[in-house]
Amino acid sequence: MSESNIESILQEKRVFNPPQKFADHAAVRSMTEYQKLYNLAEQDPAGFWAKLAEKELHWFKRWGKTLDWQPPFAKWFVNGKINISYNCLDRHLTTQRRDKPALIWEGEPGDSRILTYAQLHQEVCQMANAIKQLGVKKGDRVGIYMPMIPEAAIAMLACARIGAAHSVVFGGFSAEALKSRLQDAEAKLVITADGGWRKDKIVPLKDAVDQAIALDVPTVQNVLVVQRTQQEIAMQPGRDHWWHELKAEVSSNCPAEQMDSEDLLFILYTSGTTGKPKGVVHTTGGYNLYTHMTFKWTFDIKEDDVYWCTADVGWITGHSYIVYGPLSNGATTVMYEGAPRPSNPGCFWDVVEKYQVTIFYTAPTAIRAFIKMGDEHPNRRELSSLRLLGTVGEPINPEAWIWYHRVIGGERCPIVDTWWQTETGGFMLTPLPGATPTKPGSATLPFPGIVADVVDLGGNPVGENQGGYLVIKHPWPSMMRTVYKDDDRFRRTYWEHIPPKDGKYLYFAGDGARKDEDGYFWVMGRVDDVMNISGHRLGTMEVESALVSHPAVAEAAVVSRPDEVKGEDVYAFVILNGTHASSDELKQELKQHVVKEIGAIARPGEIRFTDALPKTRSGKIIRRFLRNLAAGEELVGDVSTMEDLSVLDQLRQG
Ligand code: PRX
């Protein structure tokens, strides 16, 4: 953290009340209203959610029990029948929303498409029929490896429509990373594109799919390819099919399958503390309700809003708040293929201006990058359509918050800092913009129905402004159900780290936090071996496994160090095999090797060769010291457990 940053945290004590004009028209207009909702949910959680589920969603058949909680396994809306694609599409068609833009898409080269609800419905039905024709059935898993084009959302909704579970893999992941995710999900079909545009270059997605399957994914029988970038690609007869060709053949009539509320909706892989990403499992009914309600209240959505979330559909933010939450609410959601780049540093603001975006949701790392690019880019555009701003992915430094508020929000837009995770499915801590006074850097208070706290390792609440572990004390509708095919890992990772307290199970989020004198939560970052690089989650062990798979590497230890724009950056300590000499070329080669094994997001910012690593007597690497070294700080903490103290001297001098 830079000095000016520390200064800003110390000095930024202002509280920002919701502007009166905003509150006057908001769904939740005051803290009294928020408190009422919160109390209602606290007194009778099942009744609270049941009422909303009845009012807000379409069910083919009503559920029996609202919550069946056999810790740590939850079932919501037991035996209810529902389809999220129906709730996102069909039910809007009999209303005025039929011809309302559902999806506004802007391609990086400047091409664009607007799909109304009726048009999106038709495309989803066609893709659903196409994948059925390719042998996909209810319960099968489908890999989606796509650029940010409408067909990414169409593919997700098509899977949901026929009851196949999707597993979207971020298009920035490498063939190797794609392979392990497809393998674990035992995907039967992969939906991809020839390529996608990113920073004026083509990302060759289909090539990566070919490589992944060739590496060893025998379950994949077919590949459906959307044409986007139009470069020459290999198509394997019998296995690979062009979407535009199948689309011309199939019917656009495809009734939505009646799914059980607890049927698998999707698997999304995320990084944990081991080298192997976990398949986070989300099911249908509870996820639909919770993403619907959080989107509705947190973004205070109105019929004529134009909402833009800049995430990628490959992450949970894209799932919940580009696709499912907005469409379930009948909102207009903007999707953008590109990323700010030197050739067009103002491209985001062009999109805001062009489509008169009213709600804008992005990550702190993006905000910090905008600050660096200069105020002239947003200042040159008309941003007065904006009425609400949001952030997600990492703690936002108050400096970035204030800039966002002033330069992008024109000091009139509330900011919702939303804390949540792949595992939680939807927002957990967040302001409600018409009600909650905000403090820069705090995700404020729990969403109604969420019982959050900060505790010690024994599960005891810590005092005011004391650091501790962030936990959730009551099940909520969109909580992850398990780790795919690994109930045991689910239990160990989230429910046993802090033992049940008075018979009550606590969900351990993996984040450190404190609660201030007003009960506001301040999330401090991960307390486990998970890094947060540009808002992307990455396990230290994943990068270590990637490094040691290179023949020159004997051992590797990876930590993160603070970075002005990315938040954190990857820093790797590497011990080479005896026969290999250290060199700058080898450093570059190893960085490239990590990109090949995982993807560009994991490229180490720095690699440092060393002869030894600080370890405990039982052989565990002491990452704490490595973090200090990487950040150029004094070593903090107890050295008495160390096996060989001279290692530290070596590293300090190194
Ligand atoms: O450390 C927290 C951080 O991102 C982690 C979750 O990452 P992921 O599952 O990839 O989901 C990101 C998008 C929801 C959390 O454990 N995080 C997310 N949002 C915030 C945050 N940290 C502080 N403030 C936030 N608003």
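This tour moves through the structure stop by stop, stating what to select and what is found there.

The model is predicted: local features need pLDDT of at least 70, side-chain atom pairs count only at pLDDT 80 or more, and totals for chains, interfaces and linings use all residues. Residues are numbered from 1 along each chain as its sequence is written, and side-chain values use heavy atoms, with hydrogens and water left out.

**Stop 1: strand E19**

Select residues 388-392, which form strand E19. Helices (H or I, at least four residues) and strands (E, at least two) are DSSP runs, numbered from the N terminus. Five of the five residues of E19 are buried, where buried means under 20% relative accessible area, exposed over 50% and partly exposed in between (1.4 Å probe, protein chains only). In a regular strand the side chains alternate between the two faces of the sheet. Here Leu388, Gly390 and Val392 point one way, while Leu389 and Thr391 point the other way.

Ile359 stands opposite Leu388.

**Stop 2: the ligand**

Show the ligand and the 17 residues that surround it, the closest being Asp417, Thr418, Thr422, Asp511 and Arg537; a residue is near a molecule or strand if one of its heavy atoms lies within 4 Å of it. An oxygen atom of the ligand is 2.7 Å from an N or O atom in the side chain of Arg537. A polar side-chain atom of Arg526 lies 2.8 Å from a ligand oxygen atom. At Pro395, a polar backbone atom is 3.5 Å from a nitrogen atom of the ligand.

**Stop 3: the sheet E21-E22-E23-E24**

Select the open sheet of four strands, which has the order E21-E22-E23-E24 and antiparallel pairing. Strands E21 (452-455) and E24 (521-526) stand at the edges, each with a single partner strand, so one side of each is left without a neighbour in the sheet. Five bridges join strand E23 (residues 507-515) to E24 in the antiparallel sense, and Lys515 stands opposite Phe521.

**Stop 4: the sheet E27-E28-E29**

Move to the three strands that form an open sheet in the order E27-E28-E29, with mixed pairing. Strand E27 (553-563) and strand E29 (606-609) are at the edges. E27 and strand E28 (residues 567-576) run antiparallel, joined by 10 bridges; Ser560 stands opposite Val570. Helix H20 (residues 623-630) packs on the sheet and touches E27 and E28, contact meaning heavy atoms within 4.5 Å.

**Stop 5: His92**

Finally, select His92 in helix H5 (residues 84-93). Is His92 buried or exposed? His92 is buried, with a relative accessible area of 2%. Leaving aside neighbours within four places in sequence, its contacts include Tyr117, Leu327 and Ser328.

How values were computed
Pairing = 2+ DSSP bridges. Axes fitted to C-alpha atoms, helices over the stretch in contact; angles between N-to-C directions. Polar contact = N/O pair within 3.5 Å; in protein donor to acceptor, adjacent residues only side chain to side chain.
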